[in-house]
Structures are given as C-alpha cells and as structure tokens.
Amino acid sequence: MGIGRREFLKFVATALGGLAIDPAREIAVNGDYYVNTRLGLGFVKPGGWTLDVFRDFAAKHEGQIVHGLQPGVDEEEFRRDQAATMVATISKYGDAVRAFGPSITVFKNQEDYPGAMPRGLEAITWGGIDGWGSLLRDYEVLEEPSRGEVSRCACMRFKARWLFEHRDIEPVVIEDETLLIDQGSLLYTIHLYDSPEEGETAPEEFARFLEGLHLA
C-alpha cells in the first residue's frame, strides 16, 4: 500500500529542504509542505491557504449544527470524538473571516479500520454516506462512489451536496468531494469543500493537493 518508505523519504527530503528539526519530531511544517513521519503522510497545501495541525480541532468546529444524534449523545462529546481522528484542516480564508470558504479536511481512522475491512471499502463508503446523511441537512449524493487510486492506494471517491449550518454564519449550500483511502492499517477520509452556489470554488487547488498527497 502507498508509495513505499523510500519514495516517502524522498518527499520528506524535498519538503524539509534542509530545515533543521529534531529527528524525533513526528510532525514538520515548512512553508506549504506538511510531513507526519509517524503516519507516513505528507502533502502540499494550496499556496496562501491556512494550514492547521496543532490546535484543538473540537474548538474549531464549535458552532456547526448537526442533526440526528442518537438520544443521550452529547453534542460536545460528539465533536470531541470527531476531532480525535482529525489530522489537518486547510482553509482558503482561515479563521479570521467568519464566512464559508473552500477548505480541505484530513481524517484518519486507525483503531477499528482493520477489523472493518472485511466489509470492503465500498461498504464502508456507503455506511459513511448513511451516517453523514443522518447528521447534515439536505444531504444529497451528486456523484455515486467510484473506485480509484491516490498515492498508489485504493480509494473510493464521491461527491455530495448539503446545507452547511453554523450558529455564526449564514446557511450555505456546499459541495463535498469525499475520498476514502485505504492505506492498509489506516483509513484516510479527505473532504474537499467548496460552494459553486456562492461562487467559492477551488477545483485547481483541490487537484494540486491530491497530486501532492504522499502516503507511505
């Protein structure tokens, strides 16, 4: 699975470009480059966009409205559980602008993924669609899941549309291109969010991000 350790280390060398860091450090950011040596993950963010890999991700999603939580499930606890699997967020405008803008989120599922794999990547993808559909307003699949490959890893890719609701932002219809990537012991879920309805699109940035994604 993935490009292999040797190819990944070549990417790391390019990404760090002589940057002096502690060899024991797992995460390094150098300009637009991000490297996580423990996960075997690296990417290049779109130029000028904001990368966030170190802060409290639960706080970052504070204010987003979700629906359909099971009785007895605390909303804040749900956000913390989701945040625990988040690796990075990349956004065009950062947190300074209180409005929707194109963004990328990267999640990993490490704990229960190998046990779920006998179901198959397609079944996991449709299970995710059912879950998101129960939580997000007016969730609609625009392009059904199709199999492909990213960084020499098998993936499922589909596109959906839903109404993004936030306590501090006007509701906006967004499109969500989602990739579920099988790295073997890890499942990565990547969401590419933009809003054609608002004129906030980023197809070139999304394409370059996926081209620069490296999974060992």
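Modeller: Two strands count as paired if DSSP finds at least two bridges between them. Keep that in mind. The model here is predicted.

Biologist: What makes S1, S2, S3 and S11 a sheet, and in which order do they stand?

Modeller: They are 4 strands in the order S1-S2-S3-S11, and the pairing is antiparallel. The sheet is open. S1 (27–30) and S11 (214–215) stand at its edges, each with a single partner strand, so one side of each has no neighbour in the sheet.

Biologist: How do you know that S2 and S3 pair?

Modeller: Count the bridges. Strand S2 (residues 33–36) and strand S3 (residues 41–44) are joined by 4 bridges. The rule asks for at least two, so S2 and S3 pair. They run antiparallel. For one partner, take Asn 36: its bridge partner in S3 is Leu 41.

Biologist: Which helix lies across this sheet?

Modeller: Helix H1 (residues 5–16) lies across S1, S2, S3 and S11, at about 135 degrees to S2. Gly 4 belongs to the segment before H1.

Biologist: Why is Gly 4 called partly exposed?

Modeller: Its relative accessibility is 26%. Buried needs under 20%, and exposed needs over 50%. The value 26% falls in between, so Gly 4 counts as partly exposed. Leaving aside neighbours within four places in sequence, Gly 4 is in contact with Leu 215 and Ala 216.

Biologist: Why is Lys 45 called buried?

Modeller: Lys 45 has 10% relative accessibility. The cut-off is under 20%, so Lys 45 counts as buried. Lys 45 sits in the loop between S3 and strand S4 (50–52). Not counting residues up to four places away in sequence, Lys 45 touches Gly 31, Asp 32, Leu 51 and Ile 90.

Biologist: How do you know that S5 is largely enclosed?

Modeller: In S5, 6 of the 6 residues are buried, so the rest of the structure largely encloses this strand.

Biologist: What makes S4 and S5 a pair, and S5 and S6 another?

Modeller: Bridges again. S4 and S5 have 3 bridges, in the antiparallel sense. S5 and S6 have 5, also in the antiparallel sense. At least two are needed, so S4 pairs with S5, and S5 pairs with S6. Thr 50 stands opposite Ser 91 in S5. Met 86 stands opposite Phe 107 in S6.

Biologist: Which residues have the most contacts inside the largest nonpolar core?

Modeller: They are Leu 41, Phe 43, Ile 181, Phe 209 and Leu 213, in a core of 27 residues. S3, S5 (86–91), S6 (103–109), S8 (153–166), S9 (169–182), S10 (187–194) and helix H6 (203–211) each supply at least two residues of this core. Apart from it lies another core, of 18 residues, including Leu 136, Tyr 139, Phe 158 and Phe 164.

Biologist: What is Phe 209 in contact with, leaving aside its neighbours within four places in sequence?

Modeller: The contacts of Phe 209 are Phe 43, Val 44, Ile 90, Ile 104, Val 106, Ile 190 and Leu 192.

Biologist: Which residues of H6 are buried, and how do you know which side of H6 they are on?

Modeller: Phe 206, Phe 209 and Leu 210 are buried in H6. They cover an arc of only 95 degrees around the axis, which puts them on the same side of H6. Glu 204 and Glu 211 are exposed, on the other side of H6. The cover over the buried residues of H6 includes S3, S5, S6, S8, S9 and S10.

Biologist: Why is the count of disulfides what it is?

Modeller: The count is 0. Take Cys 153: the nearest cysteine sulfur, that of Cys 155, is 8.8 Å away. A disulfide needs sulfur atoms within 2.5 Å, so Cys 153 is in no disulfide. For Cys 155, the nearest cysteine sulfur is that of Cys 153, and Cys 155 is in no disulfide.

Biologist: What makes Cys 153 and Cys 155 buried?

Modeller: Cys 153 is at 0% relative accessibility, and Cys 155 is at 2%. The cut-off is under 20%, so Cys 153 and Cys 155 count as buried.

Biologist: How many helices and strands does the chain have, and what share of its residues is buried?

Modeller: The chain has 6 helices and 11 strands. Of its 216 residues, 47% are buried.

Note on methods:
Residues numbered from 1 in each chain as written. Predicted model: local features only at pLDDT ≥ 70, side-chain atom pairs only at ≥ 80, totals over all residues. Heavy atoms only, no water. Contact = heavy atoms within 4.5 Å. Axes fitted to C-alpha atoms, helices over the stretch in contact; angles between N-to-C directions. Core = buried A, V, L, I, M, F, W, Y, C linked by side-chain atoms within 4.5 Å. Buried < 20%, exposed > 50% of the residue type's maximum accessible area, 1.4 Å probe, protein only. Arc of directions from axis to C-beta.
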